[in-house]
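Me: I'm new to reading protein models. Can you walk me through some features, one at a time?

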Amino acid sequence: MTTTWTATRVLRDGNARLYLTGVVISGFGTSALWLASGVWVKDLTGSDGLAALCMLAMWAPTLAGPLLGTLADRFRRRTLLIAVSLLMAVLLLTLCSVDSPRGLWLLYAVLFVYGASGVVHDAAESALIATVVDRSLLGDFNGLRMTANEGMKLLAPLAGAGLYAGYGGAGVAVLDAGTFLLATVVYACLRVREDRPPAPPDRVRGRTAEGVSYLWGHPALRPLVLAGGATMLCAGLSGALVHAVVDALGHSPAYAGVLYAVQGAGSVIVGLLSGAALRQLGERRFAAYGIAVLAVGVALRAVPDDPLAWVCCLAIGAGLPAVLIVALTAVQRETPGPLLGRVTATANTLVYTPNVVGLAAGAALVELFDHRLLLAVLGLALAATATTLLRHPAGDGRAVPPAPPGDGPA
């Protein structure tokens, strides 16, 4: 009842509804392009390595998150979201000219800008959300945001694959450009009062360092972000072992899609429950319990049993988002508005970059070691991460502090 009530409160807020609409629209286009770009390159070149570079091009800009996040504190955030969306809509349309391996440079360049704009977009969006959504509902909103994202990951790849089969990569690019244009309309409808940020007195390097220093020096944020990074590293390593798990179950590689769908369902469920869980358990305990559930799910995947594999995937999908929701919500609550873009981008870099490292490392380790041993080790590492969070619960802050003047909904 409490979960339903708080979710309803979030959806009654006009700005929150618009934001979630934008998340659904942009998430659909991004997930469709994520699948189609690799298939597109594979069809043009026949190379698995060149196809994998698509994902690298989209992820590489996250390494510059602290620097790119300065843009979210330098300009009005709604204006920045609109500008970024319009830029990507135009750039994606240029991909209609890619019809041979000679045009791949353009595809990689657009994907790289896509990744960079995503860093700026996430930082600006998170900062703006913190000022227009009631602070007591931030956990609920971020949970619903997670649910919307995961829901799109279940639906969009299928739609993208169908569109690619019928119209090629250009058709998917046009679809994604259309979602950016629709997102622009959504952002333009937001009722937000933003003052123009004052001109910064120092250089870009100083502004970037200011965000990093604030995050690293904050006693509540640092352990949550580090736990998120450690969890995503283990999740990346575990994700790289999925095909070995499928082989042990005796299924074809396509069965991995079934396991991912079950995992996505778990994430959808926990997203709906996260706000109430945060209020009931507090930030550290909610994150730690989620990581513990993830640890059990990862370790038990070593057992080759189909029903157990489904339960493990559901546990992984439910456990992984907890620390991500907690870290984002804590950053939004604990960071002053003028710093929020930089701190958010820095936190995202520290949390999500290890996932890419884990995927790469896992792809190498699965060739050297038995996947069952690797899964057991990952389960222990995740359990240790959860224990570390539970060991120092001070400052968990179950109650939400009142919003200072001017920080409430516009």
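This is a predicted model: local features need pLDDT of at least 70, side-chain atom pairs count only at pLDDT 80 or more; totals for chains, interfaces and linings use all residues.

Me: Is L273 buried, partly exposed or exposed, and why?

Reply: Buried means under 20% relative accessible area, exposed means over 50%, and partly exposed is in between (1.4 Å probe, protein chains only). L273 has a relative accessible area of 43%, so it is partly exposed.

Me: Which residues form the nonpolar patch on the surface?

Reply: Patches are made of residues with over 30% relative accessible area and no salt bridge; like charges are joined within 9 Å, and nonpolar side chains (Val, Leu, Ile, Met, Phe, Trp, Tyr) within 5 Å. The areas come from the Shrake-Rupley method with a 1.4 Å probe, and for residues only the protein chains shown count as cover. In this model the patch is I269, L272, L273 and L314, with about 340 Å² of accessible area together. Helix α12 gives the largest share, three residues.

Me: How many salt bridges are there?

Reply: Side chains of opposite charge can pair when their charged atoms come close. The rule asks for a side-chain nitrogen of Lys or Arg within 4 Å of a carboxyl oxygen of Asp or Glu. By that rule the count is five salt bridges. One of them joins E125 and R145, with the closest N and O atoms 2.4 Å apart. E125 sits in helix α7 (residues 104–132) and R145 in helix α8 (residues 138–188), so this pair links distant parts of the chain, 20 residues apart. Both E125 and R145 are buried. D122 joins in too: D122, E125 and R145 are linked in a network of salt bridges.

Me: What is the N to O distance between R279 and D140?

Reply: Those side chains meet in a salt bridge at 2.6 Å. R279 is in helix α12 (residues 255–281) and D140 in helix α8, 139 residues apart. R279 counts as partly exposed because its relative accessibility is 27%, while D140 counts as buried at 5%.

Me: Which residue forms a salt bridge with R333?

Reply: That's E283, with the closest N and O atoms 3.7 Å apart. R333 lies in helix α14 (residues 306–334) and E283 in helix α13 (residues 283–300), so the pair ties together parts 50 residues apart in sequence. R333 counts as buried at 11% relative accessibility, and E283 is buried with a relative accessible area of 8%.

Conventions. Residues are numbered from 1 along each chain as its sequence is written. Side-chain values use heavy atoms; hydrogens and water are left out. Helices (H or I, at least four residues) and strands (E, at least two) are DSSP runs, numbered from the N terminus.
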